[in-house]
Amino acid sequence: MSSIPNTAIRPRVVIVGCGFGGLEAARALRGSAIDVTVVDKTNHHLFQPLLYQVATAGLSAPAIAAPVRHLFRKQPNVTTLLGEVERIDVAERQVLLQGGDALPYDHLIVAAGATHSYFGRDDWAAFAPGLKTLDDAFEIRRRILLAFEAAERENDPARRAAWLNFVVVGGGPTGVEMAGTLAEIARHTLPGEFRHIDPASAKIILLEGGTRVLQAMPEALSQRAKEQLEKLGVEVRVDARVTAIDATGLTVAGPAPGGDPAATSYTIPSQCIVWGAGVAASPLGRLLAEATGSTTDRAGRLVVEPDLSIPGHPEISVVGDLAAAKSHVPGQEPTPVPGVSPGAKQMGRAAAANVLRRLAGQPSQPFRYRDYGNLATIGRNAAVVDLASPMGPVRFSGYFAWLFWLFAHVYFLIGFRNRLVVLMDWGWAYWSFARYARVVTGIEGAKKQLQE
Ligand SMILES: Cc1cc2nc3c(=O)[nH]c(=O)nc-3n(C[C@H](O)[C@H](O)[C@H](O)COP(=O)(O)OP(=O)(O)OC[C@H]3O[C@@H](n4cnc5c(N)ncnc54)[C@H](O)[C@@H]3O)c2cc1C
């Protein structure tokens, strides 16, 4: 096992993960007399809120991902490493990378994020990929586009119908935006390009196990979201609990809509299922919990102290989706911080500020989350917005909500070039309905799928 050389005697901060939390933490340490090492298993910072656009061929990958090394080119105290963290040796204060390298630290900020959860049915992953990384987005895009290709070649009506059934599991923000955009592709982008099928006849079904979509939103906005989805051509089924998924489709508990009311389950044949139902903490959370004797919540997130450190380990902070953190407002009961990008960014900045305080011999401060509200897009001209303001919540939906959502997301994208590219691509797509990021690679897998 080799140790990455460090010749300086300055304090060493290692940041694991360069998503929203890790990037903000590293940026907040700019100009300090600290050596920062940022290690990520990918070479890019990913803007996950627009990942569904890559999965649905609206944007190309570089528009929503920025090379980590490039992001820190003007921050000389940051060293960037590409590597997967396998273990954290808490006693020796070392982060151990795949391949054996060790990164010594004085302070550690862990921002490794979350992954999909199939609620104990990991075998479903092969048939219903989730959306978390660029690789996931490419795989989903491949399946969507190839399903239309296979339907065009299929002579058997039942098999053709199965190719044209697109099912999204989970009515959270990712499921809602995937379903809405799939409907737009089927109804507006593809018609005219096929000779044997009518892409507009594709069925887009959104299955939600709870009683309403977008459960984090107020009930009235959930209702508006459902109406907007249905207007776009999505069939929304609530109280629809998936009990099985395999290569032919999925099974849902209860009677089918309009079917035999005594039936205990029904099946939906489909070759393109997208999973947006469950989130679990990165596996690093469990490893860190074992190493430190700390606890995790049901989703595997580490339960942290008010200042985001691990109990008994003030030198280790956990931020973002990996942390079960609470917001501490003086005089009020602490409240859970939601797993959203503003939460991760604010925690990253707060953890970095606490590192600087500790190095200056000052006490660390509890984390306070500033909630600016919640946005979700549904599709073209359709979104819901729930903003927090000193005068109370501001809620709206429809075209202006969609415009608000659009500009907010462009504003928060990393990099001026990306903002410009996304605005131009969306502007063009808005008028033409075209989606140009439709090149499918992995053609061997594709051929197999078409022949099956
Ligand atoms: C499809 C999708 C849509 C979303 N939409 C929204 C939205 O509209 N608004 C919103 O506010 N939030 C949204 N979110 C949630 C938001 O993206 C997350 O809350 C946020 O990314 C969490 O930041 P993080 O830094 O904790 O983790 P991430 O941003 O996920 O970053 C984690 C980083 O750690 C790296 N990593 C993981 N494990 C290791 C390891 N072992 N070794 C090295 N590196 C590792 C990963 O490569 C990654 O770069 C969405 C999430 C998804 C998946």
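A cavity is here a set of points, on a 1 Å grid over the protein atoms alone, where a 1.4 Å probe fits but cannot get out. A search of the whole structure finds three cavities of 30 Å³ or more, a volume being the space filled by probe spheres set on the points, which are joined across faces, edges and corners. This is a predicted model, in which local features need pLDDT of at least 70, side-chain atom pairs count only at pLDDT 80 or more, and totals for chains, interfaces and linings use all residues. Residues are numbered from 1 along each chain as its sequence is written, and side-chain values use heavy atoms, without hydrogens and water.

**The largest cavity**

- The volume of the largest cavity is about 220 Å³.
- Its lining (residues with an atom within 4 Å of a point) comprises 16 residues, of which Gln-53, Glu-184, Trp-402, Trp-426 and Arg-435 lie nearest the centre.
- The lining divides into eight nonpolar, five polar and three charged residues; Asp, Glu, Lys and Arg count as charged, Ala, Val, Leu, Ile, Met, Phe, Trp, Tyr, Cys and Pro as nonpolar, and the others, Gly among them, as polar.
- At least two lining residues come from each of helix H2 (51-55), helix H6 (173-189), S25, helix H10 (399-412) and helix H11 (416-432); helices (H or I, at least four residues) and strands (E, at least two) are DSSP runs, numbered from the N terminus.
- Because domain 1 (12-115 + 280-359) and domain 2 (122-277 + 381-451) both give residues to the lining, the largest cavity lies between them; the domain bounds come from an automatic or database domain assignment.

**The three-stranded sheet**

- An open sheet with antiparallel pairing has the order S25-S26-S27, where pairing requires at least two DSSP bridges between two strands.
- Strands S25 (373-379) and S27 (394-397) are at the edges with a single partner strand each, so one side of each has no neighbour in the sheet.
- Strand S26 (residues 382-387) pairs with S27 over four bridges, and Asp-386 has Arg-395 in S27 as its bridge partner.
- Helix H7 (residues 219-232) lies across S25, S26 and S27, at about 170° to S26; angles run from 0 to 180 degrees between N-to-C directions, with axes fitted to C-alpha atoms, for helices over the stretch in contact, and contact means heavy atoms within 4.5 Å.

**The six-stranded sheet**

- A second open sheet, with mixed pairing, has the order S5-S2-S1-S9-S21-S20.
- Strand S1 (residues 12-16) and strand S9 (residues 107-110) run parallel, joined by four bridges; Val-13 has His-107 in S9 as its bridge partner.

Definitions and conventions
1 Å grid on protein atoms, 1.4 Å probe; cavity = no way out; pocket = protein on both sides within 12 Å on 5 of 7 lines; lining within 4 Å.
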